[in-house]
Amino acid sequence: MTSSGIYRVSKMSAKIRKLADQLNQLMTNSEVDGCALVSTRGQLMAAELGKDVDDKAVSAMAAALLSIGNRVGTALASGVPKNIVIKGENKMVMVRSTGNAAIIATAPAGAKVGLIDFEMDKVAAQIEKIL
């Protein structure tokens, strides 16, 4: 991890750098205070979640949450969920499916959901192009 919190491997590939830049864009343009990109299998691609957060555990849980969301969507005939939102007392967590990956973002409990959703749409579209 770098001082900015982005998960980086030595000699980061250009693709990983572009993905990390998209996460930074999401944080810059909205009230998102932490985010990560994970594969649908739970592998961490890039993260800006903070020092006290276990990135690997969060990525595994995000993938599990998407899987459960898909099951619920199928069982209720509502289709594949676009977003899964968890509103806690202190924070809100949004998980957005994007192709074979998912964006997980955290924001203050009172954050503007519409703006975050709009910015996540833009970032998700860019990430799909990169992947």
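You are looking at a predicted model, where local features need pLDDT of at least 70, side-chain atom pairs count only at pLDDT 80 or more, and totals for chains, interfaces and linings use all residues. Residues are numbered from 1 along each chain as its sequence is written, and side-chain values use heavy atoms, with hydrogens and water left out.

Across the whole structure, a search turns up six salt bridges (a side-chain nitrogen of Lys or Arg within 4 Å of a carboxyl oxygen of Asp or Glu).

Start by selecting Asp121, in helix α3, residues 113-130 (helices are DSSP runs of H or I, at least four residues; strands are runs of E, at least two; both are numbered from the N terminus). Asp121 is partly exposed at 31% relative accessible area (buried is under 20%, exposed over 50%, partly exposed in between, with a 1.4 Å probe and protein chains only).

Arg96 is buried, at 2% relative accessibility.

Look for Lys82 in the loop between α2 (55-75) and β3 (83-87), 39 residues from Asp121. Select Asp117 too: Lys82, Arg96, Asp117 and Asp121 are linked in a salt-bridge network.

Last stop: Lys122 and Glu119, whose side chains form a salt bridge at 3.4 Å, N to O. Lys122 is partly exposed at 41%, while Glu119 is buried at 6%.
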